[in-house]
Amino acid sequence: MRLRTILQQLVRRTCHWYPALYDRRNAQQARALARARAVHDPDFHALTAMRGRATRAIDVGANMGQTIVSLAAVLPDVRVRSYEPQPETAAVAREIAERLGTADVHVAAVGEVPGHLALHVPSCRGIRFTQLASTRPIDPERITAFLRAHGFRWARPADVVVATHEVPVVTLDDDGGPADLIKIDVEGADDAVLRGATRLLATQRPVLLVEDGARPVIRAPLEAIGYRACRVRGTALEALGAEAPLNVLFVHPDAPRGLAVPDAALP
């Protein structure tokens with residue numbers, strides 16, 4: 001077993017003894033990705049086909065800048081407009097954006113209508129899991145299941161505490177600007193992001209990379225306006241069937257931007 005894997009497991013098992021260790025480790029990992037210009041999620045490699053055909057991207061749910069780094073690796077000529085509602089994580093993302101010189105980071109949530117919303121940030125035994133923050137109510141059972149599946153074996157629903165604070169909200173129709181690609185990872189509030197981007201989607205037809213995008217509330221409205229739902233296999237796209245991969249790539253056949261769009265999957 002590699003030393004880094006052993007250290008990661010050690011952090012997951014013991015960070016409830018020293019909660020600040022978890023945030024510090026995440027920030028250090030994000031900075032290390034930036035130094036190496038490494039891709040944090042292999043699905044991003046499929047986007048290399050968009051080189052020369054994309055200049056603008058929107059990153060909804062920037063967290064600590066992982067998508068900023070991945071896009072700099074696979075689409076180095078693309079300028080990224082990132083949104084992250086949590087000031088602490090946005091500060092790390094902004095530091096990385098300034099290092100790479102490829103992105104602008106805005107401290108705001110993205111939703112259906114502009115204004116303000118309550119942002120719910122879960123913690124467990126003192127550790128803030130900022131990447132799981134959502135404008136939707138937090139389910140302790142779901143959070144615990146996710147944490148335990150990712151190595152935090154000590155997590156229990158009774159230990160989940162949710163902090164709530166108000167954050168500004170913008171819509172992509174009003175604030176997003178031009179976009180060839182939009183990545184969305186907002187812990188279940190993706191449908192609100194898309195409802196606030198109807199004009200942008202209709203006129204620009206950007207490629208969409210949506211975490212948990214196989215859910216009917218995401219997939220059905222996009223397919224209704226002509227998008228094809230795809231899963232990534234290596235660097236190729238396959239039509240999405242009934243399966244539910246972590247990421248779903250939505251491509252409009254009229255604006256593929258270099259991506260090979262598969263035929264729609266049979267029902």
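Modeller: What follows covers some strand pairing, some aromatic rings and a cavity, in a predicted model.

Biologist: Start with the strands. What does E10 pair with, and in which sense?

Modeller: E10, residues 228-233, pairs with strand E12, residues 247-251, in the antiparallel sense over three bridges. E10 also pairs with strand E11, residues 236-239, again in the antiparallel sense, over four bridges.

Biologist: How many residues sit between the strands in the hairpin of E10 and E11?

Modeller: Two. In that hairpin Gly-234 takes a positive phi near 70°.

Biologist: Switching to rings. How many aromatic pairs does the structure hold?

Modeller: Two. One of them is Phe-129 with Phe-152, an edge-to-face pair at 5.3 Å centre to centre and 80° between the planes.

Biologist: Where do Phe-129 and Phe-152 lie?

Modeller: Both are in loops. Phe-129 is in the loop between strand E6 (127-128) and helix H5 (140-149), while Phe-152 is in the loop between H5 and strand E7 (160-170). The pair therefore ties together parts that are 23 residues apart in sequence.

Biologist: Phe-129 and Phe-152, buried or exposed?

Modeller: Phe-129 is buried, and Phe-152 is buried too.

Biologist: And the other pair?

Modeller: That is Phe-152 with Trp-154, also edge-to-face, at 5.8 Å centre to centre and 85° between the planes. Trp-154 is buried, as is Phe-152.

Biologist: So what do the ring pairs link into a cluster?

Modeller: Phe-129, Phe-152 and Trp-154. Phe-152 takes part in the pair with Phe-129 and in the pair with Trp-154.

Biologist: Last topic, cavities. How many of 30 Å³ or more turn up in a search of the whole structure?

Modeller: One.

Biologist: What volume of space lies in the largest cavity?

Modeller: About 40 Å³.

Biologist: Which residues line the largest cavity?

Modeller: The lining is made up of Met-50, Arg-51, Gly-52 and Ala-54, together with Leu-75, Pro-76, Asp-77 and Val-78.

Biologist: How does the lining of the largest cavity divide into nonpolar, polar and charged?

Modeller: Five of the lining residues are nonpolar, one is polar and two are charged.

Conventions. Residues numbered from 1 in each chain as written. Predicted model: local features only at pLDDT ≥ 70, side-chain atom pairs only at ≥ 80, totals over all residues. Heavy atoms only, no water. Pairing = 2+ DSSP bridges. Phe/Tyr/Trp six-rings, centres within 6.5 Å; stacked < 30°, edge-to-face > 60°. Buried < 20%, exposed > 50% of the residue type's maximum accessible area, 1.4 Å probe, protein only. 1 Å grid on protein atoms, 1.4 Å probe; cavity = no way out; pocket = protein on both sides within 12 Å on 5 of 7 lines; lining within 4 Å. Points joined across faces, edges and corners; volume = space filled by probe spheres on them. Nonpolar A, V, L, I, M, F, W, Y, C, P; charged D, E, K, R; others polar.
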